[in-house]
Amino acid sequence: MIDRLAGRLAAMDGWSRRLTWLFAGAAAVLALPPFFFIPALPLAFAVLLWTLDGVKSQKSALAAGWWFGTGHFAAGFYWIAHAFLVQPEIYGWMIPFALFGLGGGLAIFPMFAVWGSWRLGKGRISRAFLLASFWAIAEFARGHVLTGFPWNLLGHIWAIDAAPMQLASVIGVYGLSAVTALFATLPAVWIAGRAGRFVSMGGVLIAVVLWAGGAVHLAGLPPADVSVADAPVDAPILQIVQPNIPQSEKWDKSLQDQHFRQLLSMSRRPADLPAGRKRIVIWPETAATFFLETDPGRRAMMADVLSPGDVLITGAPRTFPRDSDKFQVWNSVEVINDQGQIVASFDKFHLVPFGEYVPFRSILPFPKLTEGRTDFSFGHGPATLHVKNLPPFSPLICYEIIFPGAVTDDRDRPSWLLNVTNDGWFGHSAGPYQHLAAARFRAVEEGIPLARAAYTGVSAVFDSYGRNQKSLALTKRGILLSPLLDDKNHTTVYYMWRNIPFYGIVALIFVLVLGYQRFCESRWTKK
């Protein structure tokens, strides 16, 4: 029956084949957060590989990859449309151009991956291995070309649980994506004779090894969910504030004082928190909708909710005075002490094109999505902030957290990661969950705890193994209390070697394919 289905898919042509590629690519998204229907991934790639049996030209092979990729990225990034609906009268018309332009543009990467596997593969088995390798290379390129956008990598399907994520501490999420690509492609070669039936079981084995190996690795560790009462007395207490204010109201001048009072109210010391426990109060990205450096009155009000030794970390815009010749605006993180002083700051260095600045503004007359007419300026980072009585930390604003290997200053290793973000742009959609999954991988890769403050959710604290200590649900207003534990941060292989294991995995796949094509394929494969 599987052979007949594969034959029918291979025999298709014209628009029926193009739409099959499009919908197969879209179906693969079901394996990603927040759905985590992992079987969708090998099923989608099986459809792609079986249709390639009927492709007779390089043009059709390129089309297969482009249509599959367009479906995959348009479906995976549908939530981007929410950002344009915050002010639909200004930006609504841009939705189809943004969604399908992004999907079609990013599809160039899998287009060449599919073409390369079709062009160099001399049979079903070698084509499956080559597609996995080329897909992994395409994801790596997507994460680095131009500004890079490593969102919804195949490896993110394992964020369903901490156990299968653990291999990322050795080979990083790009390496895990290469292994996941094999998991996706190998089951399709069941139809490739005796050798195919043997090789296809490798996909199942990958999932078993990832889950079981990770579970064994975590089994000897103490529980991740440590209450404030059970934490060491010298452990600072994180108090993450999730105000859940709609994006359409956030910058409303008439509501600014109301929002500020709400943040202050949620930042007061909880009645059941013992006196003397130092707090790190954390507000999300641009929770302060004013310039802190020029507003000592509001800084004093922020200091009033702090006890001696406490600090408040908030996202805020930062600027030179408007009458300065060097006037600039940054999207920043600023640290306020119990005296109302700004004792440290960090400027976002990885800005969102068209969201925070407009590339080639002189020829592209588009307004940026974020508040204000002035483009944000680029900061210098990543960086480690050192604040008195506070463990050193690496602040990361919004999607800066999604870039593997680019979240810490390796010359000044931090004790924890802080991600402040505003996913309120994307409503109650898959976007915030996808962002959360990417952030969680940074804790695993670096072996460093991660605290995440999201304006509308999901706020969370993960330990250095990516295990969830505490979290606040999407679109829920509340505070999250969790101790910042010194869990003897382990030095991961990925931290020491970065992407070298990824290069090794890709090279190994090519060596296996070349060896198989030379010595085994004609002997073992029966079509």
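Helices and strands here are runs assigned by DSSP, and they are numbered from the N terminus. Keep in mind, too, that you're looking at a predicted model.

With that naming in hand, let's start at a loop. Gly 340 lies in the stretch between β4 and β5, the latter being residues 342–347. Is Gly 340 buried or exposed? Buried means under 20% relative accessible area, and Gly 340 has 7%, so it counts as buried. What does Gly 340 touch, once you leave aside its neighbours within four places in sequence? The answer is Arg 299 and Ala 303.

Nine of its nine residues are buried, so β3 is largely enclosed by the rest of the structure. In a regular strand, side chains alternate between the two faces of the sheet. You can follow that pattern along β3: Val 311, Ile 313, Gly 315, Pro 317 and Thr 319 sit on one side, with Leu 312, Thr 314, Ala 316 and Arg 318 on the other, and both sets are buried.

Who are the partners of β3? One is strand β2, residues 279–282, which runs parallel to β3 and is joined to it by three bridges. Here Ile 280 stands opposite Val 311. Another is β4, residues 329–337, which pairs with β3 in the antiparallel sense over nine bridges. In that pairing, Leu 312 faces Ile 336.

Strand β7, residues 390–397, pairs with β8 in the parallel sense over five bridges, and Phe 393 has Trp 416 as its bridge partner. Strand β9, residues 450–454, also pairs with β8 in the parallel sense over five bridges; there, Thr 421 is partnered with Ala 454.

Next, a helix: α14, residues 256–266. Its buried residues include His 259, Phe 260, Leu 263 and Leu 264.

Let's head for the nonpolar interior. In soluble globular proteins, nonpolar side chains tend to be buried together. The largest nonpolar core in this model has 72 residues, and Leu 41 and Phe 45 touch the most other members. Leaving aside neighbours within four places in sequence, Phe 45 is in contact with Phe 68, Leu 131, Trp 135, Leu 154, Ala 184 and Thr 185. There's also a second, separate core of 60 residues, with Phe 403, Phe 426, Ala 443 and Ala 451 among them.

Finally, come out to the surface. Ile 2, Trp 190, Met 201, Val 204, Leu 205, Val 208 and Val 209 form a nonpolar patch there, with about 640 Å² of accessible area together. Helix α12, residues 193–219, supplies the largest share, five residues. Val 204 belongs to that helix, and with a relative accessible area of 47%, Val 204 is partly exposed.

Note on methods:
Residues are numbered from 1 along each chain as its sequence is written. This is a predicted model: local features need pLDDT of at least 70, side-chain atom pairs count only at pLDDT 80 or more; totals for chains, interfaces and linings use all residues. Side-chain values use heavy atoms; hydrogens and water are left out. Buried means under 20% relative accessible area, exposed over 50%, partly exposed in between (1.4 Å probe, protein chains only). Helices (H or I, at least four residues) and strands (E, at least two) are DSSP runs, numbered from the N terminus. Two strands pair if DSSP finds at least two bridges between them. Patches are made of residues with over 30% relative accessible area and no salt bridge: like charges are joined within 9 Å, nonpolar side chains (Val, Leu, Ile, Met, Phe, Trp, Tyr) within 5 Å. Accessible areas come from the Shrake-Rupley method with a 1.4 Å probe; for residues, only the protein chains shown count as cover. A salt bridge is a side-chain nitrogen of Lys or Arg within 4 Å of a carboxyl oxygen of Asp or Glu. A nonpolar core is a set of buried Ala, Val, Leu, Ile, Met, Phe, Trp, Tyr and Cys residues joined through side-chain atoms within 4.5 Å. Contact means heavy atoms within 4.5 Å.
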